[in-house]
Amino acid sequence: MSAQGDCDFLVKRARELVTEDPWAAKAWLITARTLYPTDFGIQYEMYIIERNAERTTSAGRLLYDIFINFPDQPVVWREITVITAALRNDSQDKHAQFLKGVFETLPGPVQCQMLLKATEQCFNTLEKAEMLLLLLKRFPESVVQHGVSLGESLLEAENVEDLDTPVNCFRKLFVCDVLPLIINNMEMRLPASLLHKYMHKAAEFYIGYVTRGPCTDPQLQGPQEVAGLKSPGMGRGQRFVIEGLSEKSSLVMEPWERLLEIVGVVGARCEWQGEKGSRTYTELLQRVKELCRYLPGLEGETLSRCCSQIVTCSTLVLFRSAHFYISTVQPSLFQSHNSLGSTPWVLVEDLSNVFNDIEVERSSGKHAHKKRKLADGREKTMSSDDEDALGKGRGRHILVNKTEMPGWAETLEHFRTARESWDLLHSHDALESEFNKICVAWKTESWLWFRIFLTDMIIYQGQYRKALSSLVQMSALQPQQSQNSLTASSNLEIHRALIQQASCHYALGEHRLACEKLLEVVSGLVPQNQEPTKSSEEQGRVRNKPRKGNDLRLVPCTSKDILPFCLQLMLACFKLRAFADGGRDDLALGHVIVLLQHDWPQGEALFLKAVDKICDHGSFQYENFFNYVTNIDMLEEFAYLRTTEGGRVQLELLPNQGMLIKNPSPALGVELNTLLLPGAQKADRHHTVTRGITKGVKEDFRLAMERQVSRCGENLLSVLHRFCINEKIILVQSLP
């Protein structure tokens, strides 16, 4: 029998005995190895028996032998591949733990050599990178030799694959695993240009990661958690898987903090001015603001290095603060936020003064109103200067209801910081040029969330024409949704741009365009149930600080808040026309009276001024009066206008009818019985429409007034919503 035949026989005999008598099988193989020390089959069989029995030490020793003596055997590399896969996957499986134990028994140099050769056997770029990364982590001394080449190969693979997002498997491995090994190895002397390149690659990845959109794959949508304001996008919330990586490998915790660490290390290695290696983003911005003062006196390499530091730090602070702001204003854009129950907000002109910015002065000869219960009913709101910490910013104030936005102070502070960073980046031509290069490289023009921030910033700056252009750009970035998939929430988010367009048109004095946009928004709203009437104590509460009328307000993008805002803005548009000096426009004045019903009695002073205007003219025509005016105070006032005491005003309030009253006679004290809707007879509803509309007044007017009083319990928001829908054409045509 030949030597090979003898070896095969001995191996076969050992296999037959291994289940019945493993020690006998082991004896056969020891004998065989003694007789044939260079035979691979015998030694490999010995390893297989020890491996299957999960005897770690002996299996490791035998693996070492066959790796040293038979490095070219394919079956050896298949075994090593299985072991390295267990090392990479971090599995807690019992067999995987055994394989890791086998590897740990090998001498360090052998482990290093094995991993290097295993890397050479890989043809898949990602697998090869993971194998080499395993080597770098276990043997830090190898970073000097292989670190940069591994990083470059990952970046090259990303370019070859032509991926459309920086949040990909190659960039993730480079940024989160390879880059920290490279920049923290002080033995490596890397040029500043390469460090800056790597830092910008990391920044682009982390920003892309925290601002990624919601997951569209239902299989990847797990239970959601609400990410706190402290660090939006820190990896909590919806499940997220980067293609080519496992779900666990795709997770990045505290991305903004990781990025700050990279900036600190790179800044120290590039000898940035005042770089300590550990800062907050606020300190980063403060430091570069100080550096900006020295820019005019710098030149050459010093200017270049200083510009690089200012642009990098300011850019990161800008995007981070803008992200935090948009995380509150439109949280559904980001996957890391719980979009269920989260409300978008819209930045618009503050209309707090719409009801009371006209002084109501009357001489003794003017109409004597029945009621004199004027009260400013505005509730106290918090604005960006209501706290000392937020009083640093100059310019316009942003008001917000602090009970509806719990993190209002931080949100407004982030908005201020982002604006400050933007101004800094545009304070010098060299800085602006470098910042624009970054924006082009990162394709920031396609970032919807950043466009929303820029639009809000432009509105804050009062550049309304520019803001309208920005809103058009924003609409092009909005994801298109079919009519069937539109929900109430998504519908409001789509109308968010229309609301801001209306606000900008109003600020520019383009009231007709503003009204068109508002009516388009209102048509998509559903009026809510009317809220209970505020108590006299709430009505009497006033704000401590007077406003100049050019403030802004963050309004929740819900039907409950948007419909009242639309009504107020329409009132603001028509009010200017209705009370224009030297002119008369009964139609505009009628629209104002209808709109003043909302939030009554805040608009009572303005209503009384409207009544004065009607008295001055001696007549008033508004044929939609009985369709939409249901306020009992207003009805009583108009009933009083028909009496001698009220001025015997001629009213045309019914459709297709001429003068209602000809030669009205005095009331003679006759009163109309109280007419109230059943169920609405509360203490504050005991009104009577008095003052002589039963005698000397046409029957149709009296009946119309009686019917109108019976409607006082209707949902006012529904009435005003119907007014906007039904009278859309005439409302738009009423404005120049």
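Modeller: A charge sits over a ring if NZ of Lys or CZ of Arg is within 6 Å of the ring centre and within 35 degrees of the ring normal. The model here is predicted.

Colleague: What makes Arg419 count as sitting over the ring of Phe415?

Modeller: The charged end of Arg419 is 4.8 Å from the centre of the Phe415 ring. The cut-off is 6 Å. Arg419 also sits over the ring of Tyr460, at 3.7 Å from its centre.

Colleague: Which aromatic cluster holds Phe415 and Tyr460?

Modeller: One cluster that includes Phe319, Phe415, Trp442 and Tyr460. Aromatic pairs come to 26 by the pairing rule.

Colleague: Why is the pair of Phe319 and Trp442 called tilted?

Modeller: The ring centres of Phe319 and Trp442 are 6.0 Å apart, and the planes meet at 40°. Pairing needs centres within 6.5 Å; under 30 degrees is stacked and over 60 is edge-to-face.

Colleague: What makes Phe620 and Phe638 a tilted pair?

Modeller: Their centres are 6.0 Å apart, with 40° between the planes. Phe620 lies in strand β5 (residues 619-621) and Phe638 in helix α27 (residues 632-641), 18 residues apart. Both Phe620 and Phe638 are buried.

How values were computed:
Residues are numbered from 1 along each chain as its sequence is written. This is a predicted model: local features need pLDDT of at least 70, side-chain atom pairs count only at pLDDT 80 or more; totals for chains, interfaces and linings use all residues. Side-chain values use heavy atoms; hydrogens and water are left out. Helices (H or I, at least four residues) and strands (E, at least two) are DSSP runs, numbered from the N terminus. Buried means under 20% relative accessible area, exposed over 50%, partly exposed in between (1.4 Å probe, protein chains only).
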